[in-house]
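Take a look at the sequence and the structure, then read on.

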Amino acid sequence: MPAYHSALSNPDARVINGLPLVPLVTKVRGPAPYADASLTYDAISEALELFRPNSLFKNFEIKGPNDRLLIYIILFISQCLNKLRPNTSQSEATKTLHSLAVTNVVIPADPTFPLQAMYPQVVDKMEADQLRQYLQQLRQEVAQRLIVTVYEGSQQGPSKWWLCFQKRHFMGKSIK
């Protein structure tokens with residue numbers, strides 16, 4: 001059974017380092033293109049939906065730039081889940097994940113990125129900075145939505161059905 005790929009298509013999106021700069025449904029300020037008011041399902045929603053099934057796969061065939069973005073978001077979700085513990089309160093998790101989202105934003109062109117070979121190189125430093133700002137905005141929105149998803153309906157702590165994926169790493173890789 002093959003892994004789940006991105007169903008989103010953004011042919012007009014600008015691509016930097018193999019990642020499309022797609023519109024996001026977000027209130028976080030940043031360089032992401034503004035999403036249409038009717039858009040309710042974006043790359044982050046798709047990644048949150050596909051995170052758990054895709055975490056079970058060791059191989060992933062990239063079929064386009066949206067798959068590269070999906071990989072990046074899935075790796076970041078995995079990094080976020082590793083910061084949570086069963087007794088972490090929602091407010092504490094919000095602080096932890098926000099600080100993770102804004103500090104040390106790794107772009108696929110960085111030598112520390114685990115799947116660097118699967119992404120083309122950045123053309124210049126200006127593009128790298130723009131991508132870093134976009135990914136920081138993306139990471140902040142992912143962290144906010146992940147908190148809502150993991151703590152949905154729970155007052156005590158995060159959902160055990162999400163925390164059980166802490167030890168599972170997509171393609172056996174994780175962002176350090």
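Is Trp162 buried or exposed? Trp162 has 5% relative accessibility, so Trp162 counts as buried. Here buried means under 20% relative accessible area, exposed means over 50%, and partly exposed is in between, using a 1.4 Å probe and protein chains only.

A quick word on the ground rules. This is a predicted model, where local features need pLDDT of at least 70, side-chain atom pairs count only at pLDDT 80 or more, and totals for chains, interfaces and linings use all residues. Residues are numbered from 1 along each chain as its sequence is written, and side-chain values use heavy atoms, with hydrogens and water left out.

**The overall picture**

The protein has five helices and two strands, and from the N terminus on they run β-β-α-α-α-α-α. Helices (H or I, at least four residues) and strands (E, at least two) are DSSP runs, numbered from the N terminus. The C-alpha trace spans about 45 × 35 × 30 Å along its principal axes. A compact globule of 176 residues would have a radius of gyration near 16 Å, and the protein's 15 Å agrees with that. That radius is taken over C-alpha atoms, and the globule rule is 2.2 Å times the number of residues to the power 0.38.

Of the 176 residues, 49% are buried. The protein exposes about 9,400 Å², with carbon and sulfur atoms supplying 53% of it; areas come from the Shrake-Rupley method with a 1.4 Å probe, and for residues only the protein chains shown count as cover. Among contacts with a separation of 6 or more, 77% are between residues 24 or more positions apart. Contact means heavy atoms within 4.5 Å.

**An aromatic cluster**

Back to Trp162. The structure holds four aromatic pairs. Rings of Phe, Tyr and Trp (its six-membered ring) pair if their centres lie within 6.5 Å; planes under 30 degrees apart count as stacked, over 60 as edge-to-face and the rest as tilted. Phe51 and Trp162 make a stacked pair, at 5.9 Å centre to centre with 10° between the planes. Phe51 sits in helix H1 (residues 43-54) and Trp162 in helix H5 (residues 160-163), so their pairing ties together parts 111 residues apart in sequence. Phe51, at 0% relative accessibility, counts as buried.

Phe51 also pairs with Phe165, this time edge-to-face, at 6.1 Å centre to centre and 65° between the planes. Phe165 lies in the segment after H5, and this pair links parts of the chain 114 residues apart. Both Phe51 and Phe165 are buried. Put together, Phe51, Trp162 and Phe165 form one aromatic cluster.

**Cysteines without a partner**

How many disulfides does the structure hold? The count is zero, where a disulfide is a pair of cysteine sulfur atoms within 2.5 Å. For Cys80, the nearest cysteine sulfur is that of Cys164, 16 Å away. From the side of Cys164, the closest cysteine sulfur is in Cys80, and 16 Å is too far for a bond. Cys80 counts as buried, at 0% relative accessibility, while Cys164 is partly exposed, with a relative accessible area of 46%.

Helix H2 (residues 65-83) has 19 residues and reaches 28 Å from its first C-alpha to its last, close to the expected 27 Å. The expected span is 1.5 Å times one less than the number of residues. H2 is mostly covered, with 15 of its 19 residues buried.

Arg145 belongs to helix H4 (residues 125-150) and is buried, with a relative accessible area of 16%. Leaving aside residues up to four places away in sequence, Arg145 touches Val25, Asp42, Ile44, Ser45 and Leu48. Ser45 is 100 residues from Arg145 along the chain, yet their C-alpha atoms are separated by 8.4 Å.

Gly30, in the loop between strand S2 (19-20) and H1, is partly exposed, with a relative accessible area of 43%. Its C-alpha atom is 9.9 Å from that of Gln130, 100 residues away along the chain.

Most residues other than glycine have a negative phi. Here are two residues that go the other way.

| Residue | Phi | Place |

Asn17 counts as buried at 4% relative accessibility, whereas Asn104 is exposed, with a relative accessible area of 59%.
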